[in-house]
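This report describes a single structure, moving from its strands to its helices and then to the surroundings of its ligand. Please keep the sequence and the model at hand while reading.

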Amino acid sequence: MTEGLSQHRHISFTAHYTGYIWYQMGISNPIFATAKGKFLAKLAHPLESWAERYVGGSMRSTLKQRHCMIDEHLYQLLAQYPKLQVLEIACGLSPRGWHFRQKFPDLVYRELDLPDMAQLKTQALQQLDPNSPQVLSADIFSHEFAQIFQQFDAQYPLLVISEGLINYFDKALLAQLFQAISHHGQRFPEIHYLSDLYPEPVKNKLAHIIWSSSKLLKFMSRSAFSFHFTHPQEVRQFLTDAGFQTSNIVQPKYYFQAQTNETSAEEHSGDLVWMLHASSRQSSR
Ligand SMILES: C[S@@+](CC[C@H](N)C(=O)[O-])C[C@H]1O[C@@H](n2cnc3c(N)ncnc32)[C@H](O)[C@@H]1O
């Protein structure tokens, strides 16, 4: 489906790392653990261990936090909207689609990625279950993205998920992505969007080390990897500007203590990763 090579294709290698760490943590399936992921995990292990000891958290510790927060919100949304349809963009080697399709056999859960990753993931999924739907192939910054929304039933609500994605883009592209989700979501009675994001690590003593690591990631992924937001309110305003009616920022420090998503403290909790939940309802537009 995607014409030519996406300028964002160099980001894809990071999905192998995450996929392998989730497998190591026991929250994925060996089918999503690639040799490339294993190699990267070995390479990053000393730095990750050092960060856990001295920074109080690492890239791999945030991988579990963000994955759990998104999963738990997805369970809650499914309880609230039994006909919810899901589109997970930039799915990489995440086990989420497979997990949820197993638990909810009638759930329409489509995954999407750039062509090479979409093909690799489709092959992996089909080894687990020959009836797995094909992973959709599109660049979310191309005109193809609009067509993806046409594949869902406009009678039922749609949830878009992204994980480990949005920090790779500059703010202009991020605004384009949020606006596209909000705009194409107008076809549906309700549109929801769940995503993790890495805020500016301002409250962290070793922020400059985190910034240096992010520069390495930026270089390796040939992307604009950056931290765009310092306060939850800035993210919420950005989502409002993109057309969403409501939004909530979930911070692990409060969320895992309280076990509730009611907590939307407006202060930076010091966490390395947050989760956003934005939504709009058609009837009140
Ligand atoms: C950092 S990985 C995250 C993958 C997975 N969600 C995870 O948490 O491990 C980013 C993913 O985004 C995909 N990606 C990057 N730019 C994209 C674009 N413009 N359109 C679609 N997918 C994209 C990459 O191929 C890669 O699989």
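## A covered strand

Strand E4 is mostly covered, with 5 of its 5 residues buried; helices (H or I, at least four residues) and strands (E, at least two) are DSSP runs numbered from the N terminus, and a residue is buried if 20 or more other C-beta atoms lie within 10 Å of its own, exposed if 12 or fewer, and partly exposed in between, with the C-beta atoms placed from the backbone. Leu158, Val160 and Ser162 point one way from E4, whereas Leu159 and Ile161 point the other way, and all are buried. In a regular strand the side chains alternate between the two faces of the sheet.

The model is a predicted one, in which local features need pLDDT of at least 70 and side-chain atom pairs count only at pLDDT 80 or more, while totals for chains, interfaces and linings use all residues. Residues are numbered from 1 along each chain as its sequence is written.

## The sheet around E4

E4 belongs to an open sheet of 7 strands with mixed pairing, in the order E3-E2-E1-E4-E5-E7-E6. Strand E3 (136-137) and strand E6 (246-250) stand at the edges, and because each has a single partner strand, one side of each is left without a neighbour in the sheet. Two strands are taken to pair if DSSP finds at least two bridges between them.

On one side, E4 (residues 158-162) runs parallel to strand E1 (residues 85-89), the two being joined by 5 bridges; Gln85 has Leu158 as its bridge partner in E4, and Leu87 stands opposite Val160. E4 is also joined by 5 bridges to strand E5 (residues 190-197), again in parallel, with Ser162 opposite Ser195 in E5. E1 in turn runs parallel to E2 through 3 bridges, where Val86 stands opposite Tyr109, and 4 of the 5 residues of E2 are buried.

## Helices

Helix H5 (residues 115-128) lies across strand E2 (109-113) and E3, running at about 135 degrees to E2; axes are lines fitted to C-alpha atoms, for helices over the stretch in contact, and angles run from 0 to 180 degrees between N-to-C directions. In helix H4 (residues 96-103) the buried residues are Arg96, Gly97, Trp98 and Arg101, and they pack against helix H3 (59-80), E1, E2 and H5, where contact requires that the C-beta atoms of two residues, placed from the backbone, lie within 7 Å.

The axes of H1 and H3 come within 10 Å and cross at roughly 80 degrees, which means that H1 is roughly perpendicular to H3 (angles under 35 degrees count as roughly parallel, over 145 as roughly antiparallel, 65 to 115 as roughly perpendicular and the rest as oblique). Thr18, Ile21 and Trp22 of H1 make this contact with Arg60, Leu63 and His67 of H3.

## The ligand shell and Ala90

The ligand is surrounded by 20 residues, the closest being His8, Thr18, Ala90, Gly92 and Gly164; a residue is near a molecule or strand if its C-beta atom, placed from the backbone, lies within 6 Å of it. Helix H1 (residues 13-24) gives the largest share of this shell, 3 residues.

Ala90, one of the closest residues to the ligand, lies in the loop between E1 and H4. Ala90 has a positive phi of about 50 degrees although it is not a glycine, and Ala90 counts as buried because it has 24 C-beta neighbours inside 10 Å.
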